Amino acid sequence: MFRLKSRKFLITGASGGIGQAIVKIMHKAGATLCVSGTKKEVLEEVAKQYEKNMHILPCDLSNAEEVNQLVNRASELMEGFDGLICNAGITRDSLLLRMTDEAWQKVIDINLSSTFKLSREACKRLIKNNWGRIINISSIIGLTGNAGQANYAASKAGIIAMSKSIAKEVASRNITVNCIAPGFIDTKMTEVLNEGQKGKILDNIPMKRMGTGEEIAAGVLFLASDEAKYITGHVLNINGYAATTDPDMDDTTKVICNIIGYVWGIGGPLMTVVIIGAALLAIFGRMPWPALFALSMFCGVFFGAKTIITKIMPNVSDEAKTMLEKCGQK
């Protein structure tokens with residue numbers, strides 16, 4: 001299962017933590033690889049770990065000419081081409097009002113534009129093969145956004161939308177195009193965070209830990225394999241469920257929910273008594289039936305408020321739901 005014998009893949013961003021993990025698992029599965037990055041000496045160190053079926057191809061992804069020739073050069077080195085894994089990416093973080101045009105364009109060019117160009121060149125060859133895999137590494141930030149990363153978020157969200165579009169164009173030729181959206185991964189990039197910063201990140205991850213490069217690589221291996229041949233246009237979230245964690249409520253929302261909870265706790269029993277009494281009065285002719293109907297409708301809306309808030313509204317956090325439950329029991 002998950003064997004890639006005789007398959008030939010180009011991997012960009014191969015010198016980083018996630019990139020090296022992808023190289024290791026793909027090579028172990030039997031693939032012939034062409035690894036690419038900006039630093040030749042780092043790529044050579046990576047290649048030294050493997051005896052055969054390994055080629056290095058330095059490339060500056062900000063250089064359009066080099067990018068447009070990368071797939072052809074990789075194909076020549078490997079004497080064939082079966083798939084592309086776009087893992088390279090950079091950040092130039094800054095708040096929107098301070099972000100320069102250069103910082104915006106640099107991130108878009110390397111993260112998004114190079115992925116587009118490589119995918120375009122890859123598809124030219126894969127269509128001839130009538131088989132192929134394109135796997136683009138996006139990010140949890142492309143799904144959720146993040147303050148100070150408008151450029152990075154736009155590039156990673158763009159990769160997702162672009163991949164879904166390409167997937168529809170080439171699906172009939174047995175070419176799958178998928179994305180992986182890593183969460184916070186334990187790499188050299190996250191080693192610079194202090195304990196306080198790491199604590200805040202972990203608070204938003206239900207699994208309470210960062211991911212590993214090996215876990216991202218396992219997702220890549222699966223999507224590259226024949227076992228994933230009916231999966232395309234998909235975003236594989238590998239993030240400890242962080243992308244679907246409800247956002248914290250602001251203080252105003254918490255106060256409103258608290259008030260509703262107390263009203264429910266006090267008013268629930270009272271409303272029950274009122275509607276039973278009104279029903280008895282209607283039975284004995286002391287209250288018009290239309291009035292009873294109107295009162296019943298009002299009570300129904302009141303009783304439904306708690307259910308709507310705690311069960312239906314998707315943006316109410318678990319903390320607020322628990323608070324409402326406790327208030328309702330008082």
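Because the model is predicted, local features need pLDDT of at least 70 and side-chain atom pairs count only at pLDDT 80 or more, while totals for chains, interfaces and linings use all residues. Residues are numbered from 1 along each chain as its sequence is written, and side-chain values use heavy atoms, with hydrogens and water left out.

The chain holds 12 helices and seven strands. These elements are DSSP runs numbered from the N terminus, with helices being H or I over at least four residues and strands being E over at least two. Of the 330 residues, 43% count as buried. Buried means under 20% relative accessible area, exposed means over 50%, and partly exposed is in between, with a 1.4 Å probe and protein chains only. Among contacts between residues at least 6 apart in sequence, 69% join residues at least 24 apart; a contact here means heavy atoms within 4.5 Å.

Arg3 sits in the segment before β1 (8-11). The C-alpha atoms of Arg3 and Glu227 are 9.2 Å from each other, although the two residues are 224 residues apart along the chain. Not counting residues up to four places away in sequence, Arg3 touches Lys28, Ala29 and Gly30. Its side chain also reaches the backbone oxygen of Lys28 at 3.4 Å. That distance falls under the definition of a polar contact, a pair of N or O atoms within 3.5 Å; within protein, one atom must be able to donate a hydrogen and the other to accept it, and residues adjacent in sequence count only if both atoms are side-chain atoms. Arg3 counts as exposed because its relative accessibility is 51%.

Ser6 lies in that segment before β1 too. Ser6 is not a glycine, yet it has a positive phi of about 75 degrees. With a relative accessible area of 53%, Ser6 is exposed. Lys208, in the loop between α8 (195-203) and α9, is another residue other than glycine with a positive phi, here near 60 degrees. Its relative accessible area is 49%, so Lys208 is partly exposed.

Next come the helix pairs. The axes of α1 (residues 17-28) and α9 (residues 213-224) come within 8 Å and cross at roughly 50 degrees. Axes are lines fitted to C-alpha atoms, for helices over the stretch in contact, and angles run from 0 to 180 degrees between N-to-C directions. α1 and α9 are therefore oblique to each other. Angles under 35 degrees count as roughly parallel, over 145 as roughly antiparallel, 65 to 115 as roughly perpendicular and the rest as oblique. On the α1 side the contact includes Ile18, Ala21 and Ile22, and on the α9 side it includes Ile216, Val220 and Leu221. The residues of this contact divide into 11 nonpolar, one polar and one charged. In this grouping Ala, Val, Leu, Ile, Met, Phe, Trp, Tyr, Cys and Pro are nonpolar, Asp, Glu, Lys and Arg are charged, and the others, Gly among them, are polar.

The second pair is α4 (residues 101-129) with α6 (residues 150-170), whose axes come within 8 Å and cross at roughly 15 degrees. That angle makes α4 roughly parallel to α6. Their crossing is right-handed. The residues in contact include Trp104, Ile108, Thr115 and Phe116 of α4 and Tyr152, Ile159, Met162 and Ile166 of α6. By class, the contact has 14 nonpolar residues, six polar and one charged.

Thr115 belongs to α4 and is buried, with a relative accessible area of 4%. A polar atom of the Thr115 side chain lies 2.7 Å from the backbone oxygen of Asn111. Leaving out residues up to four places away in sequence, Thr115 touches Cys86, Asn136, Ile159 and Met162.

Gln149 is in the loop between α5 (141-144) and α6. Gln149 is buried, at 9% relative accessible area. Its side chain makes polar contacts with the side chains of Asp93, at 3.2 Å, and Asn146, at 2.9 Å. Neighbours within four places in sequence aside, Gln149 is in contact with Thr91, Asp93, Ser94 and Ile141.

Methods. A crossing is left-handed if the near helix is turned anticlockwise from the far one by less than a right angle, and right-handed if clockwise.
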